[in-house]
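Subject: Structure handover

Hello,

I am passing this structure on to you. My notes on what was found follow below it.

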Amino acid sequence: MTYLVQQTLLYAIPLMIVALAGVFAERSGIINLALEGIMIFGAFIGVLFINMMQNAAWVQEASAAKNWVALQGLEVLAMMAAAVMGAVFSLLLSFASINLRADQTIGGTALNLMAPAFVLFLIRIIANQNTLQMQKGDAASWFMIKKSTLGFEKNADLGFLGNTFLHKVYLATYICILLFIILSILMYKTRFGLRLRACGENPQAADSLGINVHKMRYAGTTISGALAGMGGFVYALTTANCTANGDVAGFGFLALAVMIFGNWKPLNIAGASLLFGLFKCIAAGYSSIDINGDGRFMLAELGISAHIYRMLPYIITLIVLAFTSKKSRAPKAEGIPYDKGQR
Amino acid sequence: MEKKSFFASDSFRSVLASLISILAGMAVGAVIIAIVGFKDPSLGANSVWDGIRLVFGGLFSTGRDASGSLTWGFNSANMGNMLFRATPLIMTGLSVAMAYKTGLFNIGAPGQYLMGTMVSLIVALSIPSWVVPPQIIWFLAFFAGMVAGALWGMVAGAMKAFLNINEVLACIMTNWIAANLVTFVFDITAYKNVVENTKSGYIYKTSFNNVQTAKMGLDKIFAGSQINAGILVAILFAVGVYILMDKTTLGFQLKACGSNRHASRYAGIRDRRNIVLSMGIAGALSAGGAALYNLAGNTEFFWSTYQSLPAIGFNGIPVALLALCNPIGVIFAAMFMSMLSIAGLQLSNLTAYNEYITDVIISVIVYLSAFSLFIRTLLKNVGKKPETVNANAEPAPAPAPADEETVSSAAETAPGDPGEVTAPGQEANTEEGGTEE
């Protein structure tokens, strides 16, 4: 059960934060199809940052002295670097779609093509292979929080909650959850959030009340880029052992699906990504899931092919959508370049 | 409409805008090579110059001579391989372009491509060629593949038409389902190549069953390349799609549904059937590309594909966008893309740079083509001819078929339901300013 919860969170958290990224862009009126590309770029930047910082003296000291606080600080710095560069990268999309009033679908597709190409070009030159790794050690030994990290005995039993949420976890997961909550409040309970949403529903009306639509849309896509870049790095850190190879296994597109599935609302998105993460986790580890703890692996004993389990998340999403999509409602003005003169 | 000179026409302007995008993309590639080359002391100016020349003229590279400098000339293998690589790209490009014209963003081409691959390979390998003539097997496999792709496309189309599921979402999901399904099927069947021990994870070449695409003498012209008659088939399909979309009632109805689904229904067009049909045709085209590629006889399919989707499917998107969704333009756009990928191979073989730079170039071109409208407006102002009413400013539902200007500006007036995620919505109204008010 502990395993199930932890694995589910591992998949669900990046999805959740990137889907929220999508919400910020679309609620401001810009379709961000580039989530996948920005994730790939963010993952690369974060891994590159850690790779380079491993040369720095303070990091080497911290690693040698097992100074966990400093290492967690490094992780947070890498997340911030990925977020900043993700935001910068997303400016390409904002500029094309806000200032030049370009087709947002095409602009997003271009970014999706550009990120893996650019990243792989650089990785090949930096690392002389198709994967950029940490210089030494791996994600688990450097960044994973374990019992011993927190000062407990190796064989101490922390109870179910403790075992699940304090042992073998990443700080990044909790930062993402915290950010998710803060940003959801920002979107629904502040003046800024209300204005942002207004620009996605009826920009003409918003403009008539003195809101700068272009500025709000820039804000929306930039927040979106930062979150997606960070989500990309979190994905690379927690599920890909802190490596970047110009690929996030379609997670950006899945996040887009989760966003539509969650009806552009944060709470629904959290639920949707947990559901999706659960099935992803079943697909990845069905042979070692022991639900009731009797030492038997029920799912593996059913004898169903692994490929069927891997298909499940996608099939389930489609089925759920089939029942819910009649009610789904996209922001009204999304995808339409803002034109002051339009009635 | 008053007669305009050729250079002031919209079609000329859009071709010019595309050419500008292409040149700018290649310039960005050259700049990146220069930055990387000059920063790295082991590369230096000579390698930068070599790299830049290869980006622009990789097709005509014939390697290095004894002194180590690049040699140039007609390279039949490069030329033939370019055409061979362009074959499936033309088909997936047509698939995306055709769907885009009907207001649907077909990001599901990779899934349809995979289904086409699976079915055409199974048919080609399972009918014994000592009973049925190989040519007939080829045709059966080709059509079976296309049918499979059509059905797979229709799944996404039906979800859009009847359940109101956004087609981008349905396509993404069906892509990954297809990837797992194909792996599953090849996992439990016996088409895996076990004869050639050096290779694991591949399906038999279709030439094991004597099935391969006819060469029709093309291999004599382009000696040393993989070319076959598939390129001719793909070009025929492009012409076919052009006729279907621009010269037939069905094509008109499909496009009308894309422009405004509700208005078309009001006009008596069966909108749901048409959406399903568009996705079906698009799926068949993608799958046809897969069949042409995999039935060539000298290609191999890596069957455990559940973690990645085929790049040829996704590359249909830039091809279609570069061609402004014009079926004839798709032929040239696909050839240009495959030319770049040949240049990329030369780049990794002959210099310290690698082939991904060509992907960067393609992405820059697509990015620029996103605001080709902006470039076109700039070009318009260069001429400084007072323009009044433009044919494109007609109300949305009925873009006049067979009108050259409609074709050239398909990308900007790309129709769709207002409020759709992918559809640019009411652009047709907004971009021409106040002409309608």
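Counted over all chains, the structure has 6 salt bridges. One of them joins the side chains of B:D246 and B:K101, with 3.9 Å from N to O. B:D246 belongs to helix 8 (residues 230–247) of chain B and B:K101 to helix 3 (residues 76–101) of chain B, so this pair ties together parts that lie 145 residues apart in sequence. Please keep in mind that this is a predicted model.

Next, the interface of chain A and chain B. How many salt bridges does the rule find across it? The number is 0. The contact draws 54 residues from chain A and 53 residues from chain B. The size of an interface is often given as the accessible area lost when the parts come together. Between chain A and chain B the buried area is about 5,000 Å², and carbon and sulfur atoms give 72% of that area.

In chain A, helix 12 (residues 251–261) packs with helix 13 (residues 266–285) at an angle of about 135°, and their axes are 8 Å apart. That angle makes helix 12 of chain A oblique to helix 13 of chain A, because over 145 degrees would be needed for roughly antiparallel. The crossing of these two helices of chain A is right-handed. From helix 12 of chain A, the residues in contact are A:F251, A:L254, A:V258, A:M259 and A:F261; they meet A:I269, A:A272, A:S273, A:L275, A:F276 and A:K280 in helix 13 of chain A. By class, the residues of this contact are 9 nonpolar, 1 polar and 1 charged.

In chain B, helix 2 (residues 44–57) and helix 13 (residues 327–350) cross at roughly 155°, and their axes come within 8 Å. Helix 2 of chain B and helix 13 of chain B are therefore roughly antiparallel to each other. Their crossing is right-handed. Helix 2 of chain B contributes B:G51, B:L54 and B:V55, which meet B:L340, B:A343, B:Q346, B:L347 and B:L350 in helix 13 of chain B. This contact of helix 2 with helix 13 in chain B has 6 nonpolar and 2 polar residues, and no charged residues.

Regards

Definitions and conventions: Residues numbered from 1 in each chain as written. Chains lettered and ligands numbered in written order. Predicted model: local features only at pLDDT ≥ 70, side-chain atom pairs only at ≥ 80, totals over all residues. Heavy atoms only, no water. Axes fitted to C-alpha atoms, helices over the stretch in contact; angles between N-to-C directions. Helix = DSSP H or I, 4+ residues; strand = E, 2+ residues; numbered from the N terminus. Parallel < 35°, antiparallel > 145°, perpendicular 65-115°, else oblique. Left-handed = near helix turned anticlockwise from the far one by under 90°. Contact = heavy atoms within 4.5 Å. Nonpolar A, V, L, I, M, F, W, Y, C, P; charged D, E, K, R; others polar. Buried area = accessible area lost by both parts, 1.4 Å probe. Salt bridge = Lys/Arg side-chain N within 4 Å of Asp/Glu carboxyl O.
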